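Trainee: I would like to learn how to read cores and salt bridges in a model. Could you take me through one?

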Amino acid sequence: MITVFLYGKFRDKVAGSAVGKECFLEMEINEGDTIASVMERLDIAPDDVAHIFLNYQYSTANRKLHHGDRLAIFPIEMSVLYRQYFVKYND
Amino acid sequence: MGKFILRVNMSDLSVKKEDVSEKYRVLGGRALTSTIVAAEVKPTCHPLGPHNKLVFAPGIVTGTTAPSSGRLSVGAKSPLTGTIKEANAGGIPAQKIARLGIHAIIVEGLQKEKGKFYILKLAQGTAVLEEAGQLTGKGMYETNKLIWQKYGEDIGIIGIGPAGEMKMLNAGVSCNDPENGPGRYAGRGGLGAVMGSKGLKAIIVEQKGPGDVAIANPDLFKQGQQKLAKGLADHAVTSQALPTYGTAVLVNILNEAGGLPTRNFSAGKFEGASKTGGEVINEWAKTRGGKVGHACHHGCVIKCSNVVNHPDGTYHVSPLEYETAWAFGANCEIDNLDDIAELNRICNDVGLDTIDSGGTIGVAMEAGIIPFGDGKKAIELLNEVGKGSPIGRIIGNGTAFTGKAFGVVRVPVVKGQSIPAYEPRAVKGIGVTFATATMGADHTAGYTIATEILSVGGKADPLAAAEKGALARGFQTATIFIDSTGYCLFIAFAVLDLPDAFQGMLDTVNGVLGTGYTAEDFNCLGAEWLTLERKFNEAAGFTKADDRLPEFMYYEKLPPHNHVYDVPDEVLDSVHSS
Ligand code: SF4
């Protein structure tokens, strides 16, 4: 099980979510799951993502997930960055 | 139209016009205030005594049609830090001052009659001192209202509230926005106390229309303006994120980075972050009225500002920025944004810097004066400042002073100035900037935060200690240059990423001045001005030992990363050594 925190328009993926409240999903993960595979399951396109944080580390989408992980995803509208310049944690 | 410098002597109440030397002609903003302060102020003087001077200077391109360029720099020796100081603000006065042909205003001496305040009235061809009369003792909201009533709408106002009149170390200098709100502050470093010490309540600027700002090479200027405007329109940060969510979008981002200082810098993550960030401000603009995408002055195309309303839809405060949402929010564990907005409003009215005020309340909470998380008690406590009560005077003197008054060890300051909203133990490069900036802990001194969390302008790993020194200096020189042009520092997001936008910025500067500065000159000039500021500080008694973060950060691990600050002293010392 991991917890996925969603911001901006991604909040709409959680029924009953409201701005001003933490918006998160608990998700089962399978052996070999990565941030990218979880995003796919959530129907989040990579191009639509500005920032990913895994356990408070700025991350690429190809990191493997483990039980108990905290994942946070910010949409492109909350982008305040040129992503190619950022050194991201990678596995 | 020839430019001139106004020298205002508060001892004999004279106002004199002086010619601008060739050396000063090519300077503006921070470069000009710091050059004048370094030339005319004895570094060892008492900041509130007769030998300090307060200098106001619009930037090099301020007053022209260049986008987002209406900044006013205010400089002096700081009573809060004891260092040289420049703080700048948007709002409407800077463009008007520039359009009157005023290159800088130097305020010197002390008023003869203690407790008496004056206003400096500027208009085309005139500059006079008048008694402040009924404005004395008034908060900034009423001050601004009375001035517009008496002298007409759209007057530019630079003023101090009661905190400045009482010479409190955390008093800022207010500039009014287009709606006459007092929320655009040159807040940091106690410059409001310097203004108060001289008996100057306000500078009011009457000027309408585009004025007549000299542009040496209009074609080059125009070309540069177009390039820069295009860059700002193309870049996602300046065209989308800032106008939609404002700077407070960073509350959730820094929280997820584990770098949002919480509970007086004892954690990097705040449970209530979601309730206090830019998304809520954006939502309220729809449900309560108010505004996002607000411009703090005419001609800003980025529009990061906002207007935040009460639940009943009436005006509460403008702007509510990231630093303020954090200072009174996560830092005090207050998760009620209406309470945070009220604390912001009190700062604007009494005339206080919001960052240091939030730092102060956090330290007062640490001391047990009021509980963490109690917004209503925080409002009561901050309201004491304007009354000048004994506790109010402690709070009004800022974070470092309050820490000493109550025997607190965890006091988040560098050179007496409170650390802004980026936790150095999680974002180590910005710690280098906080430690080594010429003005005390200052998030605008160098944009390492942009590289590290926002990823603008280079590569950096937020948790690695190596090469932070060179990085910090590079950003400090870039920053001082932008602070001298009159452009809002937020253009950095675009100009550091887009070569054309950068060239556009340079072209506008060269266009106005008739110079031929290259990108390399840009670095050299920035480095030169930075050295000037460092020299002032050295002569004032500052050494390497002052370029350090507060000791607790070196031994208290900060959750969730559980890191201490481990950038070696040699890295900090290397920033300014070459
Ligand atoms: S970007 Fe924001 S702070 Fe800068 S000039 Fe525009 S409104 Fe003012």
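Trainee: Where do B:Arg345 and B:Glu342 lie, and how many residues apart?

Mentor: Helices are DSSP runs of H or I with at least four residues, strands are E runs of at least two, and both are numbered from the N terminus. Here, both residues sit in helix 12 of chain B, three residues apart, about one turn of the helix. Before going further, note that this is a predicted model, where local features need pLDDT of at least 70 and side-chain atom pairs count only at pLDDT 80 or more, while totals for chains, interfaces and linings use all residues. Residues are numbered from 1 along each chain as its sequence is written, chains are lettered from A and ligands numbered from 1 in the order in which they are written, and side-chain values use heavy atoms, leaving out hydrogens and water.

Trainee: What joins the side chains of B:Arg345 and B:Glu342?

Mentor: A salt bridge, 3.1 Å from N to O. The term means a side-chain nitrogen of Lys or Arg within 4 Å of a carboxyl oxygen of Asp or Glu. For burial, the classes are buried (under 20% relative accessible area), exposed (over 50%) and partly exposed in between, with a 1.4 Å probe and protein chains only. B:Glu342 is buried at 17%, whereas B:Arg345 is partly exposed at 24%.

Trainee: Which parts of the chain does the pair B:Lys53 and B:Glu40 link?

Mentor: Their salt bridge has an N to O distance of 2.9 Å. It links distant parts of the chain, 13 residues apart: B:Glu40 is in helix 2 (29–40) of chain B, and B:Lys53 is in the loop between that helix and strand 3 (54–58). B:Lys53 is buried, at 16%, and B:Glu40 is partly exposed, at 24%. Both also belong to a salt-bridge network with B:Arg7, B:Glu18 and B:Glu108.

Trainee: How many salt bridges are there over all chains?

Mentor: The search of the whole structure finds 37.

Trainee: Which residues touch the most other members of the largest nonpolar core?

Mentor: In soluble globular proteins, nonpolar side chains tend to be buried together. A nonpolar core is a set of buried Ala, Val, Leu, Ile, Met, Phe, Trp, Tyr and Cys residues joined through side-chain atoms within 4.5 Å. In the largest one, of 122 residues, they are B:Phe56, B:Ile105, B:Ile361 and B:Leu382. Helix 12 (residues 337–350) of chain B gives the most to this core, seven residues. A second, separate core has 54 residues, including B:Val41 and B:Leu242.
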